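This briefing is for a reader meeting the structure for the first time. Please look over the sequence and the model, then read the notes by topic.

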Amino acid sequence: LDVLLDAIAPLGDKVVLRTIGDTVVSRGDFNPMRPLSFVEYLGWLDREQVAAHMKSADFLVVPSRWEGFGLVALEAMRLSLPVIVSRVGGLREIVDDGRYGLCFEPGHPDALRHCIETIRYENIAQWRQLARQRFMDSFTSASMTRAIDGLYTELSAEGGLQPAR
């Protein structure tokens, strides 16, 4: 959150940021939340409330320093919400390193600000469609099952799978 706040602070009232969630692990008195007039801290919300906020947003930012998979980015893309993610862990794979969303180097507020300023609102419908299509093509249960079946078929054909003994 501190990276995101550093990124948008110079943008002032050109942006409105709504944050959902709260600190899970804290290092002493480190608190990334800052009183900025264009930032609203909503705290923990239920699933329906999160979905409603996602549906009303222009894009989702995931400024993680590390990330195992990045489920929140997929949840956004399922709802046709474009994503801006740090280039870490599974996030870069989800957006195909920038093909289906924007990526920035983790911990670099200037790079994140550049991504935010890069989004052209006349193209937001196209970004929404691209995000949804990526989810449908690669992350539904049916598409993932097809991918796994295809991998097993490929490995079997190459002799890579041997029966259990």
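Does L11 count as buried or exposed? L11 counts as buried because its relative accessibility is 7%; buried means under 20% relative accessible area, exposed over 50%, and partly exposed in between, with a 1.4 Å probe and protein chains only. This is a predicted model, in which local features need pLDDT of at least 70 and side-chain atom pairs count only at pLDDT 80 or more, while totals for chains, interfaces and linings use all residues. Residues are numbered from 1 along each chain as its sequence is written, and side-chain values use heavy atoms, with hydrogens and water left out.

**Overall layout**

- The chain has seven helices and five strands; helices (H or I, at least four residues) and strands (E, at least two) are DSSP runs, numbered from the N terminus.
- Read from the N terminus, the order of elements is α-β-β-α-β-α-β-α-β-α-α-α.
- The C-alpha trace spans about 65 × 45 × 30 Å along its principal axes.
- The chain has 165 residues, of which 37% count as buried.

**L11 and two distances**

- L11 sits in the loop between helix 1 and strand 1.
- Between L11 and I116 there are 9.7 Å in space, C-alpha to C-alpha, and the two are 105 residues apart in sequence.
- D137 and L11 are 126 residues apart in sequence and 35 Å apart in space, again from C-alpha to C-alpha.
- D137 belongs to helix 6 (residues 124-138), and D137 is partly exposed because its relative accessible area is 48%.

**The largest pocket**

- The volume of the largest pocket is about 1800 Å³.
- The residues lining this pocket number 41, and the closest to its centre are L1, I20, V61, V62 and P63.
- Two or more lining residues come from each of helix 1 (2-8), strand 1, helix 2 (47-56), strand 3 (60-62) and helix 3 (71-78).
- A pocket is found on a 1 Å grid over the protein atoms alone, as an open set of points where a 1.4 Å probe fits, with protein on both sides within 12 Å along at least five of seven lines; lining residues have an atom within 4 Å of a point.
- Grid points are joined across faces, edges and corners, and a volume is the space filled by probe spheres set on the points.
- By class, the lining holds 26 nonpolar, six polar and nine charged residues; Ala, Val, Leu, Ile, Met, Phe, Trp, Tyr, Cys and Pro count as nonpolar, Asp, Glu, Lys and Arg as charged, and the others, Gly among them, as polar.

**Salt bridges**

- The whole structure contains four salt bridges, each being a side-chain nitrogen of Lys or Arg within 4 Å of a carboxyl oxygen of Asp or Glu.
- One of them pairs D2 with R65, with the closest N and O atoms 2.8 Å apart.
- This pair links distant parts of the chain, since D2 is in helix 1 and R65 is in the loop between strand 3 and helix 3, 63 residues apart.
- D2 is buried because its relative accessibility is 15%, whereas R65, at 49%, is partly exposed.
- R99 and D96 form another salt bridge, their closest N and O atoms being 3.5 Å apart.
- R99 counts as exposed at 54% relative accessibility, and D96 is partly exposed at 33%.
- R113 and D110 also meet in a salt bridge, at 2.9 Å from N to O.
- R113 and D110 are three residues apart in helix 5 (residues 109-118), so about one helical turn separates them.
- R113 is buried, with a relative accessible area of 15%, while D110 counts as exposed at 54%.

**Surface patch**

- V24, V25 and W44 make up a nonpolar patch on the surface, and their accessible area together is about 420 Å².
- Patches are made of residues with over 30% relative accessible area and no salt bridge, where like charges are joined within 9 Å and nonpolar side chains (Val, Leu, Ile, Met, Phe, Trp, Tyr) within 5 Å.
- Accessible areas come from the Shrake-Rupley method with a 1.4 Å probe, and for residues only the protein chains shown count as cover.
- V24 lies in the loop between strand 1 (17-19) and strand 2 (39-41), and V24 counts as exposed because its relative accessibility is 69%.

**Backbone at S80**

- Most residues other than glycine have a negative phi.
- The phi of S80 is near 65°, a positive value in a residue other than glycine.
- S80 is placed in the loop between helix 3 and strand 4 (83-86), and S80 counts as partly exposed at 22% relative accessibility.
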